[in-house]
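Hello,

Here is the structure for your files. My notes on what I found follow below it.

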Amino acid sequence: MSRECSLLLPRVCAALADPRQPGSDDTCLEKLLDWFHLLTEFDPGVELLHDNPCLTEFITSMLALPEPSPSNLSFTLQLAGILASSENRFQHLQQEQLLVRLFGRDGPLNSVLWRDASVRSGWVNGVHSMMQHRAALQLLCSGGGMDVIFTLQGDPSLFVASAASQLLVDMLTLSVETEVTNPLSTKDCDWPACAQMIIKHIEDSLQSRSATRIEQSLKLLTSLFGSCRATWTEALWLGVAKQVESFLTEETVQAQCVLAKLLLEMAWSPVFHNTEGSFWMLVTSALAHLTPVQAGPLAVGLLKLCKCPQDVRIQALTVLLQPMDCILRATSQPLEYAGLLDESVSDPITVEGLLSSKSSCVSLLNQTLAHLEELLSRSRFPVDLPNTPLLRSLLTILQFCNGFLSPASPLGSTLSRILIDSFRVQRSALAVVAALSNRKVCDTLIGSLFDVLLAYLGSPNTSPTVLKKTFQATSKWLARMQELSCANNQWQKTEKILEDVFLVLQKRLCSPCWEIRDSSLEFLTDLIKCLRDQDEFRQSLLSSEVPKVTGNLLEDPESYVRASAVTAVGHLAFITCFAPEPPAIGDEYNKENIVAKLQEILSTDSEGFPRRAVISIFTQWVRQGCTGQLEETGQFVSQVIQTAEHDLDWEVRFGCLELVQVFCNQIFCQHVSPKCPPLSSPGTSSIHENESLQILCQAKLFSFLFRSLCDCDKILGQRACDILLGLSSYFYPFGTPRDLGKSVDLPAEHSIAWLQRALRQGSLAQNFSTDGVNGVDFEDPESMMLALGTVDLIELHDELNKSSDHVEKSPQSLLQDILATLGTTEENESDCY
C-alpha cells in the first residue's frame, strides 16, 4: 500500500466509526469493499493489519457502539470477512477476539439490528469471504454459526437466502477438498465434521414433510452438482438418491420443478454418466412422471447433451413433441395424417387436459414452441425431427389462432376457442415455422404453408408484432422456395406466390400504422438480399407497385420508416441501377436521381436514423463496386464526406470513417492484386503508390481523417487512427526508414511538425483552418506522405486507447473520493459516484 493510502485510511475508518453520522453511502461502502478485496488478493500477509492498526481499531470501535447504523455494521462484517480470508490475518483477528464477537453467538445475531436484512446479508457475505481455509470452517462449526446459516436458507430476503445456500455449497466443497485424502463413501465417519453437519442437514430436510425445507435442499444440491464436478459428489448423491426419487411419485410433495433442474445439472456432470445406469433410469422415470410443463426444460436440456444415451434422448424428444402430436391428432380426420409420435411417454389424457385449459394450453404451447425453435437453430442435432408432421402441426395451430380451421373433434373445438387471436402462440409458432425453413419437408405441404402465411399477411386482424414474425417466416421460405423451384422446375408456382406476396406487401406499405410500414420495408429488404439474383423475383417485383410506394416512403413522417425506406431503396438500386443489364423503367429509378435523393436526406433530414441509413447504404454500394471506377468513386466518397463530416450525430461521422476504410481497401485491392490483401500489405510500385496517394488526396480523405483524430467522441478518433496506421503501413512497409525523430527545416516539414504538436494537444479540431507556416495542405500528396512518415501514429493510438481511469482510478484517488462522500471534506460535498 502506498504511503498516501496509509495516511488516508485512518481518516476513512474514523469517519465510518463516527457515531454522529447516521449511516454512510452504500455505494461508497461497496467501492471500499471492492478496494479491500483487491488489496488482500495482492497482499495476503498479516503485515496489512500490523501496518494499519486503524483497521482493527475501526472494527473494535464499531463493536463498542451501542446502536451502529445497519449499513455501517454490515460493512464492518464484510470487511472483517475480507481481512480474515488469509489464515495469518484470521489468527491475528482471532487473538483480538474480534471474529467471535462479530460472527459468534454474542455478536449481531442476538441484537435488534439482526432484523435488518442488510445486517444479515453482511454477516453471510462476511462469512463467505472468510471461507478460504480450514480455520474459518472450525470457527463456524464450533461457534454455532452453522445453525445460523441453515436458518438463513429460509430468510424472507431472497438475496440473503440465496447467499446462504451458496455459502453452504462452498463450505461443503472447502471442507471435503481440504480435509479428505481418501475416496469417500456414504458412511458418516468418512466425511469431515463440517461436511457431516451440512449433509445431515440436507438429509433431514429431504426426509421432513416441509415443502420449503425440501425445496431448499434440492436447490442446494442443484447448485452443488452444477458447480462441482469432483467424484465425491457421487458418494453424496448415493446417500440421498432414494429419498429424492420418491418425490416423483409422492403427490404431497410439490418439488417436481426443482427436481427437474437438479437432474439436468447432474446430467451435465460427467460424474453421473457411469453410475451403472441408475441415474439414467431416474431420468427416464422423471420424464414419465413429470407433467409436460415440468419435464419440458429437462427434455430440451437432455437433447442438447452429447453424451446422453440414445434411448433417453428419444424419450426426451417424445416428451417435447407430445403436445404437438396431440394437436395434430385432435384436428385431423381419421387416418388422414400420421401423428408425430408412434407412442407417448406420459398419459395423453394429461396432455389433453392441459390443452383444454386456456391458461395451461397457452403456457404449454409457448414453452414447447420455444424449445423447438432453440433445437432447430442448432446446426448439429443428434435426433431426427419429424419435420413434415411438425410443420403440419404448426400450420394447424396458426389456423386455430386466426379462426380458419373447422374443428374435427371435441378437443379441436376447445382449442379453436382457446387459441383464437392468441398473439403469444402465433409469434412462437411462426418463429418455429421460420426455423423449419432449413429442414427437409414434403414439397406438397409448401402450398398449404404459403396459404397460411399469406392469410396472416393479408388479415387486418394480424397484430404488428405477429405480422413482423410472419414477414420473417415468409422471407425464409421464399428463399427456400427458390431452391426447390430450381431443382424441380416449378417456376409457375413460385411466380404466383411472389405475385400474391407483392400484392399484399403493397397494401401493407400503405398502412396507417408506422410499425407495419417499417416491418414491411424490412421484409422487402430481406427479400432483395436473398433473391435479387433470381430473374423471376426481379420481374415480379418490378412489375408491381412496390418500388414506387417504397420510394414515396422516403418522405414518411416517421423517422424509423424513412430510415427503413432508405435501406430498401438502396437495395432496390442493386436491381434498378447496378445490375449488369438494368431494366427499362422510369427515370426516378436511375442512379443519378437515387443518389441525389439520398444525398438530400443525408444533408437535410432532421433525425439521425435516416442519415445513418444513407451512410450505411453508400458504404455498401462502394464495397460492392457500384459507384464506378476509382476516380469516380473518389468523387462520390468526397461528396459524402463533405456533407456528413460535420454532422452532429457521431454515428453518421463514424459511418463516414467506415466508408473511407472501404474505399481505401478498394484502392489497394486494385493496385496490389486481385486477391485483395488487407490494408497493411506491403507497398506496391512507386507508380501505383503515387496514383493511390493522388486519389486519396483528391477525395479529401486526409483532412477528414486527421480532424477525426481529435473528435470529441473518442471512438471516432480511435477508428481514424486505425485507418491512418493502415495507410502508413501501406506507404511505409515494415523496415522502411521514417522521419519520426528528424529535425524539421522545410516549410512543409514545419507544418507537419505543427500538426504533430496539435494532435498531441488534441487541439487540431479547434485550429484546423490555419495560415502561414502552420498551414497543412491535406490535398498535397507530398505533404501527406511526409505526414504519414512523421506523425507518431502509434503513440497517438496508445493515447486514444488509454482509458481515463488510468488517471482517476487509483487506490489513493478512490479513498479520497470515499472520504469526500462521507462528508469529512468540506470543500467537496458532491457524491462522486
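Helix H30 (residues 559-576) packs against helix H32 (residues 608-623) in this predicted model, with an angle of about 15 degrees and axes 8 Å apart. An angle under 35 degrees counts as roughly parallel, and H30 and H32 are therefore roughly parallel to each other. Their crossing is right-handed. On the H30 side, the contact is made by Ser559, Tyr560, Arg562, Ala563, Val566, Thr567, Gly570, His571, Ala573 and Phe574. These meet Phe609, Pro610, Ala613, Val614, Ile617, Gln620 and Trp621 of H32. By class, the contact of H30 with H32 divides into 11 nonpolar residues, 5 polar and 1 charged. As background, an α-helix has 3.6 residues a turn, so residues three or four places apart point the same way.

H9 passes H11 in a left-handed crossing. From H9, the residues involved are Arg134, Leu137 and Leu140. Their partners in H11 are Met171, Leu174, Ser175, Thr178 and Glu179. The contact of H9 with H11 has 4 nonpolar, 2 polar and 2 charged residues.

On burial, helix H39 (residues 781-790) is mostly covered, with 9 of its 10 residues buried. Which residues of H39 are buried? They are Pro781, Ser783, Met784, Met785, Leu786, Ala787, Leu788, Gly789 and Thr790.

Gln97 has a phi near 60 degrees, a positive value in a residue other than glycine. Gln97 sits in the loop between helix H6 (87-95) and helix H7 (98-103). Is Gln97 buried, exposed or partly exposed? Its relative accessibility is 45%, so Gln97 counts as partly exposed. The other residue is Lys700, whose phi is also near 60 degrees, again positive in a residue other than glycine. Lys700 lies in the loop between helix H35 (686-698) and helix H36 (701-708). With a relative accessibility of 30%, Lys700 counts as partly exposed.

Ser121 belongs to helix H8 (residues 117-130). Between Ser121 and Phe75, which are 46 residues apart along the chain, the C-alpha separation is 9.9 Å.

Finally, some totals for the chain. How many helices and strands are there in the chain? There are 42 helices and 0 strands. Of the 833 residues, 54% count as buried. The chain exposes about 38200 Å², and carbon and sulfur atoms supply 50% of that area. Among contacts between residues at least 6 apart in sequence, 71% join residues at least 24 apart.

Regards

Notes. Residues are numbered from 1 along each chain as its sequence is written. This is a predicted model: local features need pLDDT of at least 70, side-chain atom pairs count only at pLDDT 80 or more; totals for chains, interfaces and linings use all residues. Side-chain values use heavy atoms; hydrogens and water are left out. Helices (H or I, at least four residues) and strands (E, at least two) are DSSP runs, numbered from the N terminus. Buried means under 20% relative accessible area, exposed over 50%, partly exposed in between (1.4 Å probe, protein chains only). Contact means heavy atoms within 4.5 Å. Accessible areas come from the Shrake-Rupley method with a 1.4 Å probe; for residues, only the protein chains shown count as cover. A crossing is left-handed if the near helix is turned anticlockwise from the far one by less than a right angle, and right-handed if clockwise. Ala, Val, Leu, Ile, Met, Phe, Trp, Tyr, Cys and Pro count as nonpolar, Asp, Glu, Lys and Arg as charged, and the others, Gly among them, as polar. Axes are lines fitted to C-alpha atoms, for helices over the stretch in contact, and angles run from 0 to 180 degrees between N-to-C directions. Angles under 35 degrees count as roughly parallel, over 145 as roughly antiparallel, 65 to 115 as roughly perpendicular and the rest as oblique.
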